[in-house]
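Could you walk me through this structure in my viewer? I would like to know what to select next and what I will find there.

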Amino acid sequence: MLTTRFTELVGCTVPIQQAPIGGCANPRLAAAVAEAGGLGMVSVTGDPPEIVATRLDQARQLSAGPIGAHFFLLMIDPASAPESVVAAAERAPVVDFFYANPDPALVDIVHAAGALASWQIGSVEEARAAADAGCDFVIAQGIEAGGHGRGQIGLLALLDAVLSAVDLPVLAAGGIGTGRTLAAVLAAGADGARIGTRFVAAEEAEAHPRYVEALIASRPEDTVRSDTFALDYPGAPHRALRSSIEAAQAFQGDVVGEFVDPTDGTRAPVRRFQKLTITRHVSGAIEAMPHWAGESVRGVARVQPAAEIVRELAGEAERLLRRCSPGSAP
Ligand SMILES: Cc1cc2nc3c(=O)[nH]c(=O)nc-3n(C[C@H](O)[C@H](O)[C@H](O)COP(=O)(O)O)c2cc1C
């Protein structure tokens, strides 16, 4: 059993947080991760309070384990978020933020409702700001991470500096897709890992099969950090498969496909270079849509239940760490 300050704080049995992977971070995925002992995350970015409540209640019906709520502040005005943050903090034991500067007002709202607050950060300065804002733990995101990234340097260098700078549980994010890489960050002092790309291939994530097939076929070298998918959010770097960047650049026309909202059936065009997560509810030129992927992509070998991913990662990490512990056989 891998016990850390993080597992004790949030009530997990394994030091794994499922990253809030956009539209794939649905209640089913979060509940499956929580049932397996990790911290599941439901993305509630941009949702009004009643939808936040519905999504978190759906997850809660599936698992009594730890399930957090996530707000991606790149996509919303933090000033418009408070009511949704209250709705989240009243139902989820952890409310997580990413992208804006750590905001003490949002952290206070979370604490007032009795939940823990966390912030994904990309620098030592941001980590200190999160600690000063009152966050209960932080996630240090290295440049290897899939999706949008604040990190400018490699994970180990950042983790090393952040662990020295703040006295909070610190999770490591970026490039962790195997038990070996999980063991490495735990051995370095991280209290756990936030894992994104591996969970895109979880059965419950409902990612588009062609996106998952592309991940399975890719190596870390096939990912690249750029600001290609910047239609609505310019200047926000992200890591994605090079093939999707090239296909989007080569695509002729402004509309690459369509999204059908599974909750109400409304349809919306997917525009070229638009930021979105390619779920099963998207159709069209899938190859020209953003294939978010971290350097962890090597760990994506097949579609698996989320619980199996959690067990595989935690089991392998634990075996490796036991090998290194004093008195164990070489
Ligand atoms: C498909 C995908 C979508 C993501 N969407 C978000 C998001 O909405 N909010 C967020 O904080 N991070 C998001 N991330 C980044 C993760 O929080 C995390 O930093 C990253 O997945 C870690 O690297 P890894 O993908 O190599 O595991 C996303 C990552 C992926 C792969």
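Keep in mind that the model is predicted.

**Stop one: the ligand**

Now zoom in on the side chains and the ligand's oxygen atoms. Select Thr197, where a polar side-chain atom lies 2.6 Å from an oxygen atom of the ligand. Move on to Gln141, and you will see a polar side-chain atom 3.0 Å from a ligand oxygen. Then show Ser296: an N or O atom in its side chain is 2.6 Å from an oxygen atom of the ligand. How much of the ligand does the protein bury? Taken alone the ligand exposes 590 Å², and 98% of that is buried by the protein.

**Stop two: the cavity**

The structure holds one cavity of 30 Å³ or more. The space in the largest cavity is about 40 Å³. To find it, select Leu56, Ala59, Arg60, Ile67, Arg91 and Ala92, which line this cavity. Helix α3 (residues 49-62) gives the largest share of the lining, with three residues. Colour the lining by class to finish: four residues are nonpolar, two are charged and none is polar.

Note on methods:
Residues are numbered from 1 along each chain as its sequence is written. This is a predicted model: local features need pLDDT of at least 70, side-chain atom pairs count only at pLDDT 80 or more; totals for chains, interfaces and linings use all residues. Side-chain values use heavy atoms; hydrogens and water are left out. A polar contact is a pair of N or O atoms within 3.5 Å; within protein, one must be able to donate a hydrogen and the other to accept it, and residues adjacent in sequence count only if both atoms are side-chain atoms. Accessible areas come from the Shrake-Rupley method with a 1.4 Å probe; for residues, only the protein chains shown count as cover. On a 1 Å grid over the protein atoms alone, a cavity is a set of points where a 1.4 Å probe fits but cannot get out, and a pocket is an open set with protein on both sides within 12 Å along at least five of seven lines; lining residues have an atom within 4 Å of a point. Grid points are joined across faces, edges and corners, and a volume is the space filled by probe spheres set on the points. Helices (H or I, at least four residues) and strands (E, at least two) are DSSP runs, numbered from the N terminus. Ala, Val, Leu, Ile, Met, Phe, Trp, Tyr, Cys and Pro count as nonpolar, Asp, Glu, Lys and Arg as charged, and the others, Gly among them, as polar.
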